[in-house]
There are 2 protein chains.
Amino acid sequence: MTPYETIKAKRDGRQLDPEDIRRFLEGYTTGTVSDYQMAAMCMAVFFRGLDPRELGAWTRAMLESGEVLELSDTPGIKVDKHSTGGVGDKVSLALAPLAAACGVPVPMISGRGLGHTGGTLDKLESIPGFKVDLPISEYRRLVREVGACLIGQTATLAPADKKLYALRDVTATVDCLPLIASSIMSKKLAEGIDALVLDVKVGSGAFMKELDDARALARTMIGIGAEMGRKVVALITDMDQPLGRAVGNALEVEEAVAMLRGGGPPDFAEVTLALTAEMLVLGGRAPDPAQARQRLAEAIRDGSAFRKLQEIIRHQGGDPLAVEDFSRLPRSRASLAVPARSSGFVSAIDCEAIGLAAVALGAGRLRTGSTIDPAVGFTLERKLGDAVGVGETLVTIRYNDDRGLDDTLRRVQSAYTISPAAPARRPLVVERIE
Amino acid sequence: MTPYETIKAKRDGRQLDPEDIRRFLEGYTTGTVSDYQMAAMCMAVFFRGLDPRELGAWTRAMLESGEVLELSDTPGIKVDKHSTGGVGDKVSLALAPLAAACGVPVPMISGRGLGHTGGTLDKLESIPGFKVDLPISEYRRLVREVGACLIGQTATLAPADKKLYALRDVTATVDCLPLIASSIMSKKLAEGIDALVLDVKVGSGAFMKELDDARALARTMIGIGAEMGRKVVALITDMDQPLGRAVGNALEVEEAVAMLRGGGPPDFAEVTLALTAEMLVLGGRAPDPAQARQRLAEAIRDGSAFRKLQEIIRHQGGDPLAVEDFSRLPRSRASLAVPARSSGFVSAIDCEAIGLAAVALGAGRLRTGSTIDPAVGFTLERKLGDAVGVGETLVTIRYNDDRGLDDTLRRVQSAYTISPAAPARRPLVVERIE
């Protein structure tokens, strides 16, 4: 079929042949299919969807538009985790060394902060010297020798996705489930993984605000995995408030380290352990999640998970002492307490508003390419269900620049709802889908 | 709204504000809205449609993207006719002089052959010397002084439509009712007309194969007319076989002349008179179609319609004697009879196949810019319901070049279905909608 016929067939609700999809996306990558034809196709996909077979072909074509990393020199089942993004989500920082310490190789290609959410690369770079732009040969070596490597997206992986994402961004076809799912999966599969654990966030701080949407995304990605011969397990986890207490790059590194040493906020620890346990099962290092949890507890207790983090840091050019002595991490000059204006229980936290306030403070980027301040951010002194008296601290703002500080304080204050009664407790892991 | 927001609103089924539509189309004309954004928009319109108010705004924006001809120096109600296109459709050649002879000014901007259908401009140019690319000032003068002028589309009229049509053509958004209707109406209203008669063809040789689709197009265009303050009347007419007996440019001129002199095939005469009668009523020259038919019969009988045709030809640079002495028209060197392979009644003619065979013979263009042979074409010796014996002639092929002639003969033969019983007679004017 010609590009025209392929668009028309999708428009008319006919099932596309995998070969036609491959040719269309290949044409888009090489330029024989134009941006306007792809824009029409994406809009047709928005209305008609892609069935599992089509979605498999679409994802494979995006994957094959670039380099697919070959990690066969690393023995074992390589497993990565992908999160749909949240606020205070430092899971990867603890999960990668934990899984690696338990023998699961973790090839992890992460992103930067996007919108109101943070990004793993930005957090890692708050560790002095840490490099996320290693050459592919080095990435391959570290996965093999260290058991984990955390780098950024390269231009050679799934270039069709990069081109397509920029187009979708200006043609109102971003929020289209099959296109979201194939975008994520093509990038993840290009890493050379054998299996994937998916953390689909749901709630006020997530891209998916509704459980049904989160479920649909999880199922779609699991379906793509099945089409491509990769096992995908998804946990739907709560993002109705920031995860843990720290929001901000170096602050989150500290919290991840605390967790690896057996401490840290219980919600963050629980989500991290639940996701990492799935990786151990997928990676063949534990027969079920319960036994995986025991292995993980042991890796924390015996210090091997923490040492693995230091090993990763050392091999990626960072200062491994920075996670023993936090004074070697960037720290803000000053702090300010955000007081509660009434007393009661924290009954809601507008998580997206907290994320946006952190971005405005300098913890994230208002536009691509702007610099961030790794030291700044928030410590949440009160979380959902906590009691608070008038004037008591809700959040401590860590800042370097007091311009806009009043605004930040007001934003944070407004993001909290305080009520006479405590809210019902929400489960952290809402659902498991495989 | 930004272009992005406008696309998204349409995608999500929200009603667009006329001002947002105007800004989006103006942006497209000037280049601030990109081709890929318009492609996404057209696909969203394919799925969501445009309501009458949106359609009015869309058409007005296309109209206002260029020059709108001002014919106020011509007294009277200016009326044009538009046909959705067919095979052997030479109606305009007779209708324009007929209406003008009865006092209705006809500003007519026509097109060339498209796909399997013929075009009025190609037919007119088979008259030696006839010019269809007159300057606008001359067009305006001829409408005023002669009462009719037939020219081609200019670059200054509805340029947004031209740009948009080229885009729709490669993004599978051509067959989208509101976009078809607004495209036609924007071009027609740019002519400076006050009212329009619409000939919506239905059948095997028409773009609309089904009556319901033809009705929907008619109603949509009438709705746009209402939004723009222009009266539109539509006749749905039969195109299940070529109209009349002649298919091919000069051959069709001969047939149109025969009709203006009181002869010609009855189906062609009937459709022409029905459409022209509507023009007379819209133009205020007759109180109803029945009295309009009497006026038209008189204009044929007294020779004024034929003389008006000669006057038009003379003013547009053509040889007026060519319609008195057909030897002055291009004529083919040779002819070949297509014999029936069985005897019985002609029960079906694949009208699109006849049109495509005529194009292949040289009467139309296989691609934009190729030259046509004005002399070649077909004379249909048998039409639907006619009896035929084995070996008797179905069609006479008029040709100059015998390459591919066997193929043409086979195509024409295959387009005819001969059955033991005569088919039910179909009405020529299927429906009238206003």
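Q: Which strand order does the antiparallel open sheet of four strands in chain B have?
A: Strands (E, at least two residues) and helices (H or I, at least four residues) are DSSP runs numbered from the N terminus, and two strands pair if DSSP finds at least two bridges between them. In this open sheet of chain B the order is β6-β9-β11-β7. At its edges stand β6 (246-247) and β7 (334-339) of chain B, each with a single partner strand, so one side of each is left without a neighbour in the sheet. β6(B) pairs with β9 (377-380) of chain B in the antiparallel sense over two bridges; B:Ala246 has B:Thr379 in β9(B) as its bridge partner.

Q: On what basis are such features listed and numbered?
A: The model is predicted: local features need pLDDT of at least 70, side-chain atom pairs count only at pLDDT 80 or more, and totals for chains, interfaces and linings use all residues; side-chain values use heavy atoms, with hydrogens and water left out. Residues are numbered from 1 along each chain as its sequence is written, while chains are lettered from A and ligands numbered from 1 in the order in which they are written.

Q: Which strands stand at the edges of the sheet with mixed pairing in chain B?
A: This open sheet of four strands is ordered β1-β4-β5-β13 (chain B). β1 (79-83) and β13 (429-433) of chain B are the edge strands, each with a single partner, so one side of each lacks a neighbour in the sheet. From one strand to the next, the twist averages 20 degrees. Helix α9 (177-190) of chain B packs on the sheet and touches β1, β4 and β5 of chain B, where touching means heavy atoms within 4.5 Å. The direction of α9(B) makes about 150 degrees with that of β1(B), with axes fitted to C-alpha atoms, for helices over the stretch in contact, and angles running from 0 to 180 degrees between N-to-C directions.

Q: Why is β4(B) described as largely enclosed?
A: Buried means under 20% relative accessible area (1.4 Å probe, protein chains only). Eight of the eight residues of β4(B) are buried, so the strand is largely enclosed by the rest of the structure. In a regular strand the side chains alternate between the two faces of the sheet. Both faces of β4(B) are covered, with B:Ala195, B:Val197, B:Asp199 and B:Lys201 buried on one side and B:Leu196, B:Leu198, B:Val200 and B:Val202 buried on the other.

Q: How many bridges join β4(B) to β5(B)?
A: Eight bridges join β4 (195-202) to β5 (231-238) of chain B, and these strands run parallel. B:Ala195 stands opposite B:Lys231 in β5(B).

Q: Which residues of α7(B) are buried?
A: In helix α7 (136-145) of chain B they are B:Ile136, B:Tyr139, B:Leu142 and B:Val143. Seen down the helix axis, these residues fall within an arc of 125 degrees, so they line one face of α7(B); the arc is taken from the directions from the axis to the C-beta atoms. Their cover includes β2 (106-110), β3 (148-152) and α14 (304-315) of chain B.

Q: Is A:Glu191 buried or exposed?
A: A:Glu191 is buried, with a relative accessible area of 1%. A:Glu191 lies in the loop between α9 (177-190) and β4 (195-202) of chain A. The side chain of A:Glu191 reaches the backbone nitrogen of A:Ile109 at 2.9 Å.

Technical notes:
Buried means under 20% relative accessible area, exposed over 50%, partly exposed in between (1.4 Å probe, protein chains only). A polar contact is a pair of N or O atoms within 3.5 Å; within protein, one must be able to donate a hydrogen and the other to accept it, and residues adjacent in sequence count only if both atoms are side-chain atoms.
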